[in-house]
Amino acid sequence: MCSLMELDLQQETFQLAIRDLGGLDVLLNILDTKEIRCIIGALKILRVVSQSAQIQRFMVKMRGVQSLVPLLDITLPELQALAADTLANVAKFRKARRTVRHCGGIDKLVRLLDCAPGSELGVEAARCGALALWSCSRSTRNKEAIRRAGGIPLLGRLLHSPHVDMLVPVIGTLQECASEESYRDAIRSEGMIEDLVKNLSSRSEELQMHSASAIFKCAEDEKTRDLIHQFKGPQRLALLLSKAENKQLLAAATGAIWKCSLSQKNVTKFQEFHVLEKLVSLMSEQPEEVLVNVVAALGEFAKIPSNKAVIGRSGGVERLVRLLTGRNQALLVNVTRTLGVCATDMSNMVIIDQLDGLRLVWSLLKNPSPEVQSSAAWALCPIIQNGKDVGESMRRLIGGFQLLIKLLKSTNNQVLASVCAVIAKITEDKEENVALLTDYGVVPLLANLTSTTDERLRRHLAEAIAYCCVWSQNRAAFGNAGAVAPLVRYVKSDNGAVHETTVVALYQLSKDVDNCVSLHSNGVVQPLLELMGHDDEGVAFMAAGCVRNIRMLANANKLSKWID
């Protein structure tokens, strides 16, 4: 073994030679002996050769994990460190991680984290234990096992270490586990956010990257974002944007900026450091993982009205439109969301019109991803509302209206809600569009959706029905398709936005005699009487109009009976 250690075992040639000549079998057998010096010698070789993916799989096949895990119980820090370091290499794929858990390895690795600060060998064993836990934490069940074993407070204690080589695996494990809500809550409650923010200013770019990645996941929670703001996280993240040559660090930093920007006070702080302009400059010649984060962050910045124009003047809107031709679904979702926010600014709409943005966004409705379809449809709403000559442009889109009809058969509520919103926009005060959609069969498809309990879908579905009823023959068609009775239930919803669109739909439907009968028999009058006292005059007016139409029909029937 001493002679083997003199070779360059990093070379794949030597690694495979050891495997092919039966050396790995011998080394793994030595681990099952009681000769400590021999075990340590074997581990020193296995720790190096196990960096090879082929060796890792061979070791698992030869039950190497079952031999390594018991060594963690031997109270020799050097041996424990070597065994944990080897496990960190081996546990790079699923079967190995599962085997570590089944052998009780998670509990043993967590115990290694509880080291005395003054013991150099103990600290090294803790570092290697953290490395192994980092590898194992890619499994959801292992994350839970680490939490149950008490790993979170021990990892939090190690965050105070001054050594970068200790902090990297500790923060790596935390950022891997932070995908779970229980970990995010614990990281915040255990006071780890301050340490993560401080490490953004470390001299180690690797440590900065993992700290930013951990913040990216933890900042989903508003309380965590407040803490990040309190500990001056926005300032530190802004400085990381200057390290654009390190793409992994840039992806982590822009991801953290995106999530922190979900809070407006963080956006305000970012703007003090000109982050908005820097983000726009990063929208070209960057890897897609960076672009996904940059575009999403811009979407949050654009929620401040004055920033929309800044994005347009800086060339951001033009770059967003260019990104619409990509294939990365996560990027397309964020691009369309951000473009939709920017489209509420009229100066930006001029740019979108000039670059044929309507056609490019509409083409994304053909994308196989429901999330892309939905985000594209939501983006279309402000583009249609604020664009120039949009009605004519839409009718020139080959198969555009048929595509909307096809999407009304989707099983995804988000897609359905967004498509209904688009239909409402294109039919508002545009009878020719209503006529085209009616010819394509929009009425029965919308009627089929009225049984939904999804509040967002109800809101936009009622709005679409209301505008389609501008064409008088559609009122009777909706009644015949059974849409009236389900809509009455919408009025009894607790959602005010649903009320606003539903009363408009009911008012339009009540212009048909048969629908009035259905509305009355389904008990719509009492909830409408209550809505007549609504603070919104439009809602109150529509509710009163619907009651009036029902009442006029009732009076007409009484008069008819009196004459008879």
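Q: Which exposure class does Asp-73 fall into: buried, partly exposed or exposed?
A: In this predicted model, the relative accessibility of Asp-73 is 39%. Buried would require under 20% and exposed over 50%, so Asp-73 counts as partly exposed.

Q: With which residue does the side chain of Lys-108 meet in a salt bridge?
A: Side chains of opposite charge can pair when their charged atoms come close. The criterion applied here is a side-chain nitrogen of Lys or Arg within 4 Å of a carboxyl oxygen of Asp or Glu. At 2.6 Å, N to O, the salt bridge of Lys-108 is made with Asp-73.

Q: How many residues apart are Lys-108 and Asp-73, and where does each lie?
A: Lys-108 belongs to helix H9, residues 105-112, whereas Asp-73 sits in the loop between helix H6 (64-68) and helix H7 (77-90). The pair therefore links distant parts of the chain, and the separation is 35 residues.

Q: Does Lys-108 count as buried or exposed?
A: The limit below which a residue is called buried is 20% relative accessible area. Since the relative accessibility of Lys-108 is 16%, this residue counts as buried.

Q: How far apart are the closest N and O atoms of Asp-73 and Arg-111?
A: Asp-73 also forms a salt bridge with Arg-111. The cut-off for such a contact is 4 Å, and the closest N and O atoms here are separated by 3.5 Å.

Q: Which parts does the pair of Asp-73 and Arg-111 tie together, and how many residues apart are they in sequence?
A: Asp-73 is placed in the loop between H6 and H7, while Arg-111 is placed in helix H9. The pair therefore ties together parts whose separation in sequence is 38 residues.

Q: Which residues do salt bridges that share partners join into one network?
A: Asp-73 has a salt bridge to Lys-108 and another to Arg-111. Through these shared partners, one network is formed by Asp-73, Lys-108 and Arg-111.

Q: How many salt bridges does a search of the whole structure find?
A: One of them joins the side chains of Arg-19 and Asp-20 at 3.0 Å, N to O. Of these two residues, Arg-19 counts as partly exposed at 23% relative accessibility, and Asp-20 counts as exposed at 54%. For the whole structure, the number of salt bridges found is 20.

Q: Why is the pair of Phe-216 and Trp-258 given its orientation class, and which class is it?
A: By the ring-pair rule, the count comes to two aromatic pairs. In the pair of Phe-216 and Trp-258, the ring centres are 6.0 Å apart and the planes stand at 50 degrees. Planes under 30 degrees apart count as stacked and those over 60 as edge-to-face, so this pair is tilted.

Q: How many residues apart in sequence are the parts that Phe-216 and Trp-258 tie together?
A: Phe-216 lies in helix H16, residues 205-218, and Trp-258 in helix H19, residues 247-260. The distance along the sequence between the parts they tie together is therefore 42 residues.

Q: Does Trp-258 count as buried or exposed?
A: Phe-216 has a relative accessible area of 25% and is partly exposed. For Trp-258 the relative accessibility is 15%, so this residue counts as buried.

Q: At what angle are the planes of the rings of Phe-270 and Phe-301?
A: The centres of these two rings are 6.1 Å apart, and the pair is tilted. The angle between the planes is 35 degrees.

Q: In which helices do Phe-270 and Phe-301 lie?
A: Both of these residues are buried. They are 31 residues apart and link distant parts of the chain, with Phe-270 in helix H20 (residues 264-272) and Phe-301 in helix H22 (residues 288-301).

Q: Which helix contributes the largest share of the positive patch?
A: The surface patch of positive charge gathers Arg-94, Lys-95, Arg-98 and Arg-141. Within it, Arg-98 is partly exposed, with a relative accessible area of 36%. The largest share, three residues, comes from helix H8.

Q: What is the phi of Arg-63, a residue that is not a glycine?
A: Arg-63 is placed in the loop between helix H5 (53-61) and H6, and at 52% relative accessibility it counts as exposed. Its phi is positive, at about 60 degrees.

Q: How far apart in space are Ala-379 and Cys-342, C-alpha to C-alpha?
A: Ala-379 is part of helix H28, residues 370-386, and at 1% relative accessibility it counts as buried. Although Ala-379 and Cys-342 are 37 residues apart in sequence, their C-alpha to C-alpha distance is 9.4 Å.

Technical notes: Residues numbered from 1 in each chain as written. Predicted model: local features only at pLDDT ≥ 70, side-chain atom pairs only at ≥ 80, totals over all residues. Heavy atoms only, no water. Buried < 20%, exposed > 50% of the residue type's maximum accessible area, 1.4 Å probe, protein only. Helix = DSSP H or I, 4+ residues; strand = E, 2+ residues; numbered from the N terminus. Phe/Tyr/Trp six-rings, centres within 6.5 Å; stacked < 30°, edge-to-face > 60°. Patch = residues over 30% accessible without salt bridge, like charges linked within 9 Å, V, L, I, M, F, W, Y side chains within 5 Å. Areas by Shrake-Rupley, 256 points an atom, 1.4 Å probe, with all protein chains shown as cover. Lys, Arg positive; Asp, Glu negative; His and termini not counted. Charge placed at Lys NZ, Arg CZ, Asp CG, Glu CD.
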